[in-house]
Amino acid sequence: MKEVESKMLERAKVLLESGEVARVIGWRKGAFCHDPEPASFESVDELKDFVYDYFCGANLSKYLIAESKKEGKTAVFLKPCDTYSFNQLVKEHRINREKIHVIAVECMAKLDIGKIKAKGLSAVTGVEVDGEQVKVQTLYGEAVLSKTEIVLAKCATCNKTHQVKDEEIVLHERPVRDVNRFAEVEALEQMTAEERFKFWREQLSKCIRCNACRNVCPACSCIKCVFDNPQSGVAAKANDDKFEEQLFHIIRAYHVAGRCTDCGECSRVCPQGIPLHLLNRKFIKDIDETYGEFQAGESAEGKTPLTEYRESDLEPKDVLKEGK
Amino acid sequence: MQRIGVFICWCGSNIAATVDVERVADAVKKDQGVVYSATYQYMCSENGQQLIKNAIKEHSLTGIVVGSCSPRMHEATFRKTAEAAGLNSYMVEIANIREHCSWIHKDREEATEKAIILVRTAIAKVNLNAPLSAGESPVIKRALVIGGGIAGIQAALDIAEAGFEVDIVEKNATIGGRMAQIDKTFPTLDCSACILTPKMVDCAQNEKIDILSYSEVEEVKGFVGNFSVKIKRKARFVDEKKCTGCKLCMEKCPSKKGLDEFNMKLNKRPAIYIPFAQAIPNVAVIDPEQCIKLKTGKCGLCQKVCGAGAIDYTQKDEYIERGYGAIVVATGFKPIELNAFNEFGYSENQDVITSLELERIMNAAGPTNGVLLRPSDGEHPKVITFIQCVGSRDTSGCGKPYCSKICCMYTAKHAMLIREKYPDTEVHVFYIDVRTPGKNYDEFFRRAVEQYGVDYIKGMVGKVYNENGKLMVQGSNLIDNEQVLIESDLVVLAAAIEPEPSVRKIATLLTASIDTNNFLTESHAKLRPVESPTAGVYLAGVCQGPKDIPETVSQASACAAKVIGLLVKDKLKTNPCVASANETMCNGCSQCASVCPYGAITYVEKELRVDGKTELRRIASVNPAVCQGCGACTVTCPSGAMDLKGFSSKQIMSEVEEICKR
Amino acid sequence: MTVKEQCENVKRMSGTDVRKCMKCGKCSGRCPAFHEMDIKPHQFVSLLAQGRIEELLKSEAIWSCLSCMACVERCPRAVAPAAVIEAVRDTVIRAQGANGMKAEDIPPMVDELIPQQLLMSAYRKYNK
Amino acid sequence: MQEITTKEGFVPNIVAFCCNWCSYAGADLAGSSRLSYPANVKIIRVPCSCRVNPMFVLKAFQRGADGVIICGCHPGDCHYVTGNYYTRRRMAMLFSFLDYLGIERDRTRLEWVSAAEGAKFSAVMNDFVAKVTALGENKKLSDLRVKEGE
């Protein structure tokens, strides 16, 4: 990963120095080793804080909506999964493709600090990844963990490949994961309705409406969200004390249905640890099974499953029957 | 804040017997916005309407709710009433307390309670209503007819007759279409050219009609009343204005290898040619594939002999753009390709021909000057076998699933004409069914059998093969339960017909819908059979479905009537309940446009001032003249920027909330 | 098996929808064995549609059909007369007494040259 | 009408969205044919079934509706040509999703009712009301939150 980082830094320098791009979007060191944040670098000087490591899980594509409106070209480092969101945003005319220089970078799966902490470790100062083994350094010493157990949920089932690249920095071949990303959804489907209700009620009750999921979601990029718009009739008001979070999450999942690329950012950023990606994946699974396989963001053109139809489409009751 | 009047109708006893109307009027008296409520025996009567008008004036009402029968019955009535009293007609909402309440419930208490809820729901909605006014859009008083066959010709003549200008765009060098290729017409056996060519001449001479031959529609913008169409005028290398049609160039042209399309490629024609003697315009065209001058730069004979100086080898495609109020699609048909039907040996045997080829062979101006000679050796065929339903009613995937409709009649015609002209010829017809619905049609078919002795065999041919120069036709005779083998000299296939392939492009340009067989879809199969679902677009002839000449002409005239009805209007009133996008909220994501069945949504780049900053944004723009108000876009829009006037999200939500209050 | 069941069985085995037939006779028009058949290909479809299975089971034509599939190839309605004939023939064969092919017959027959699928279909075909 | 919330005498509240061209006319026909269905079905007229936003459905549940039914023209008969095809996909996905959240699937329904199908309209409503009545009051959709002390 260090090698990749230095190559990225090198490219960023060249691009900025040559004036080819006006800014580079990447990650900047945080207060700790595990909280790098997305950042825009406009000069070589600023690059001193540039970082790319196992905690750089953030999807940078959404920032490009604003960046592509700015003067000059913007270079961006995109991991495989980020490129799908990028495509989707180009398709929706949110990103001006011509003004973006995409540097595809390898990913190798990112780590979840929450999961590391859950293993009883605190004051983490650094990690060293060696295949399946992760050496975690803390102020209190070193521990070795299995990588599978501490990767981000979104990385655990990811087999995505770069869909867009103007150039690439890929030094290692990423192992192909033989995992079913719908396993958790299927498990829920196997439950009784009561069990499912109980599960979701518990999960969604944790929601504090911080809007982090909405803010991070590349598909949730509306200039004005319906939940902030009194004209929409769903904006939260004082007298809506019932069903509010549920309504929010159902509508959110519905609004991104057919457009969600399954980047998993919603679950990554949720401070309450709600597995929000399982909502989106249900739509993805239903769409795949009912209307044929569809991966949002694979192409920057064409319709989405909910904006097209076939005369032979199943009736809702038959879709339910086909499912559980 | 609205000032709402509520008017509860008794509908005699229809409502009042089950619903306590007084209680309803009383219950809503204090509801939000309500300043007046009343009941009356027949609200739709003259007196009832007067009551509403008076109340509107006396109480300065800004909105009214009428609790009465279905809005499908009297919404228009009460809208007019409101308008007469100076209230915007869209400030009227109807609570359906008859069909949806008093007529289906027996319990008076229950029905009254429900009626109160329904009226309250309407009050909640009207509280959010805003005055709407039907927009107006101007009508360009000129029509475009795409296709210059008999359908297009008839439509153009009828429209021009009413005094409107019409342009006919024809992709070939002459108008006339398929009908010009036909020898005789059933069931009267008139000479096709004799009835068609005078109409073609009428078109040419009518000052209201502009024939744009050798041209194609390239782009269509706009909407009903206001289309803007880009037309490509293909280079014909002959100046249309100068050419006199003397045909001297045709005689002198040294390249004579081109296949004569008009004669179904049965003979050759020069590289410069006029498609047929009565072509309109009677102007030559150069086939650039065959012209030696255009291919090698050498020759130029035609230019030398042309006294009018009409030949221009440097001519280029030209584009013109014109505005139209209405468009008639009359793109016609072609016989299907027969490559998939090996069993009939069409590609291997010259003497296996299609019925349209036979038309040319039978025609006095055709390749054999009207003498029935077979293509292979120019001999007169003694035994002729016709095969019907070649590729029609075929669900195996090789042909077309539909009945081509015209083949039974023209096959009877051919059989009859041959027997009349050459009584020594033996004529057999293989048929599955003989379908002859139409005036004098069955009589015509029976004449072929009874008077002319044509041998109709109920059955189908399984194989046609060549044996010692004879065409062996093997088929079944189901009546006699036999397999027959007919030694024939000529085999004629009644090939299925299909829409002219260019119609697909036209349909896309017009956002007109098309079915799986490439036939254009009409707006309503029974009640709007000549209108496309796209407003201002009309359908004539086979592009809409198989039909014969009389039907085509009727449909073309019907189209013309519709077009005239549109063009006589100076302005079109548009439905005010249309979608519109809130500019500040629109993401410009294009999802709405992808579900709009009318192509009413386009995108504009617009500078917006938001939070003190100026931003260039991509914004959806709904053309209110094209939008029909279905609302598909509103649900697709994630930000809710797209809303529907008269049925806004907030209005519907308020109705939902009111119902849920109980 | 009742006549009705037998009919349904033949329809199922043939995998063809006899109601799609539009009675054009093209199948019989092309059949090379037409003259040898007491019941003609189009009649197989028609009689089956009418439920007259007993006549078909007695037919000599099931032994004259060459299974050349010309009728299937030519049918404009995607009906398969040859499949109907085949189904009737199989019905007759299967009724001729017990299983025509036993599991123990298979091993000596297994030859590298015989496709497994052929064995399987033969097994399916000659057994009840 | 008094509030009855016991399962015994429970009367559900049903919101029905009907498209103007087919189903609303079908409901009118049910009325003029005097084909009764329970009074607790209240109809909202929309131009096309494709105008029905999932948000409307959820809002109804949030506000205490016990069942929501959407009626439109039969596929292929849409006045706006394609509207109900979109509705079909949207509602198929929404209903399946609600089922995934553990919400009773019989509380939602999509039906095609033509202007000529007054009898069908009435039958559908009777059946839907019966199913929703059997489910009892809608608690799940009105409040999913785990309550204090639970």
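This is a predicted model: local features need pLDDT of at least 70, side-chain atom pairs count only at pLDDT 80 or more; totals for chains, interfaces and linings use all residues.
1. Contact of chains A and B. Chain A puts 15 residues into the contact, and chain B puts in 16 residues. On the side of chain A that touches chain B, 7 residues are polar, 4 are nonpolar and 4 are charged.

2. Secondary structure of chain C. There are 9 helices in chain C and 0 strands.

3. Burial and contacts in chain C. Chain C has 128 residues, of which 37% count as buried. Among the contacts in chain C with a separation of 6 or more, 71% are between residues 24 or more positions apart.

4. A sheet in chain B. An open sheet of chain B is built from 3 strands, in the order β11-β12-β17, with antiparallel pairing. Its edge strands are β11 (215-223) and β17 (318-324) of chain B, and each of them pairs on one side only. On average, neighbouring strands of this sheet are turned by 20° against each other, with direction ignored.

5. The pairing of β11 and β12 in chain B. Strand β12 of chain B covers residues 226-233 and runs antiparallel to β11(B), to which 8 bridges join it. Which residue of β12(B) is the bridge partner of B:Val220? The partner is B:Val229.

Terms used: Residues are numbered from 1 along each chain as its sequence is written. Chains are lettered from A and ligands numbered from 1 in the order in which they are written. Two residues are in contact if their C-beta atoms, placed from the backbone, lie within 7 Å. Ala, Val, Leu, Ile, Met, Phe, Trp, Tyr, Cys and Pro count as nonpolar, Asp, Glu, Lys and Arg as charged, and the others, Gly among them, as polar. Helices (H or I, at least four residues) and strands (E, at least two) are DSSP runs, numbered from the N terminus. A residue is buried if 20 or more other C-beta atoms lie within 10 Å of its own, exposed if 12 or fewer, and partly exposed in between; C-beta atoms are placed from the backbone. Two strands pair if DSSP finds at least two bridges between them. Axes are lines fitted to C-alpha atoms, for helices over the stretch in contact, and angles run from 0 to 180 degrees between N-to-C directions.
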